[in-house]
Amino acid sequence: MSGDEDVRGAGLRAAGHPVLVLVDVQRDFADPALLAEWGVDEAGLAAVDAAVTRCGELVDTARRLGVPVVWVELAYDPARPWRASAWLQTGSLDSPTDAFPCVAGSPGAEWWRLAPAPGEPQVPKRFYSGFAQTSLAGVLDELQAGWLVVAGLTTECCIQATATDAAQHDLPVVVARDATAAYDVALHEAALASMALNVADVRSVTDIERLWSAA
């Protein structure tokens, strides 16, 4: 670990209470049978599988150390279509969005291999960022969050959007490099590099657990 990272770690310990924000570890984004249908290759499937395992380790450690865990989940409502996304995918603002992933109440929206414990906050979202038109900022205020660890799926999309908005809410952010994944390994690495440059400290799960233990 470099000197700069040590200084950052000390700054995080001084910032106050850490909170783990787990994003979109849901069936539609993580079930290998579904991902294979989308054309995700073996490397992508392995990366997602490994990241979900590491997310589970982070959650277990957070609970053991008393670090709050907040579960952010996509809960898409076709009755409130995301017209900008429909346009981006099809060219039409009014394209049907019933086939979007993680429709609220559907099997695809279920948590994958992990689940919130009783009392752990769950924050449904409509867009990429966990902060966009959600209760997340208020939940973090109630928890007196001083800094965040963000983990989950996928690195270049909802992780990057959530981490960026966290930084713009003036919360220091650590992104767990091995508890996040994209369906393309090169895209994962590029997103981590972008976040490291602009909005987040990117660390391994092991480093994050050490930070929590020292807090």
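A salt bridge is here a side-chain nitrogen of Lys or Arg within 4 Å of a carboxyl oxygen of Asp or Glu, and a search of the whole structure finds 11 of them. The model is predicted, so that local features need pLDDT of at least 70 and side-chain atom pairs count only at pLDDT 80 or more, while totals for chains, interfaces and linings use all residues. Residues are numbered from 1 along each chain as its sequence is written, and side-chain values use heavy atoms, with hydrogens and water left out.

**Exercise 1. Find the salt bridge between Asp-24 and Lys-125, and state which parts it ties together.**

Step one is the distance: the side chains of Asp-24 and Lys-125 meet in a salt bridge at 2.9 Å, N to O. Step two is the location: Asp-24 lies in the loop between strand 1 and helix 2 (27-30), whereas Lys-125 belongs to strand 3, so the pair ties together parts that are 101 residues apart in sequence. Helices (H or I, at least four residues) and strands (E, at least two) are DSSP runs, numbered from the N terminus.

**Exercise 2. Work out the strand order of the open sheet and name its edge strands.**

Strands count as paired if DSSP finds at least two bridges between them. By this rule six strands form an open sheet with parallel pairing, in the order 3-2-1-4-5-6. The edges are strand 3 (122-125) and strand 6 (201-203), each of which pairs on one side only. From one strand to the next the twist averages 25°. Within the sheet, strand 1 (residues 17-23) and strand 4 (residues 145-153) run parallel and are joined by seven bridges; Leu-22, for instance, has Ala-151 of strand 4 as its bridge partner.

**Exercise 3. Describe how helix 4 and helix 9 are placed relative to each other.**

Axes are lines fitted to C-alpha atoms, for helices over the stretch in contact, and angles run from 0 to 180 degrees between N-to-C directions. The axes of helix 4 and helix 9 come within 11 Å and cross at roughly 5°. Helix 4 is therefore roughly parallel to helix 9, a term for angles under 35 degrees. For the contact (heavy atoms within 4.5 Å), Arg-54, Glu-57, Leu-58, Thr-61, Ala-62 and Leu-65 in helix 4 meet Val-205, Thr-206, Ile-208, Glu-209, Trp-212 and Ser-213 in helix 9. These residues divide into six nonpolar, three polar and three charged, where Ala, Val, Leu, Ile, Met, Phe, Trp, Tyr, Cys and Pro count as nonpolar, Asp, Glu, Lys and Arg as charged, and the others, Gly among them, as polar.

Methods. Parallel < 35°, antiparallel > 145°, perpendicular 65-115°, else oblique.
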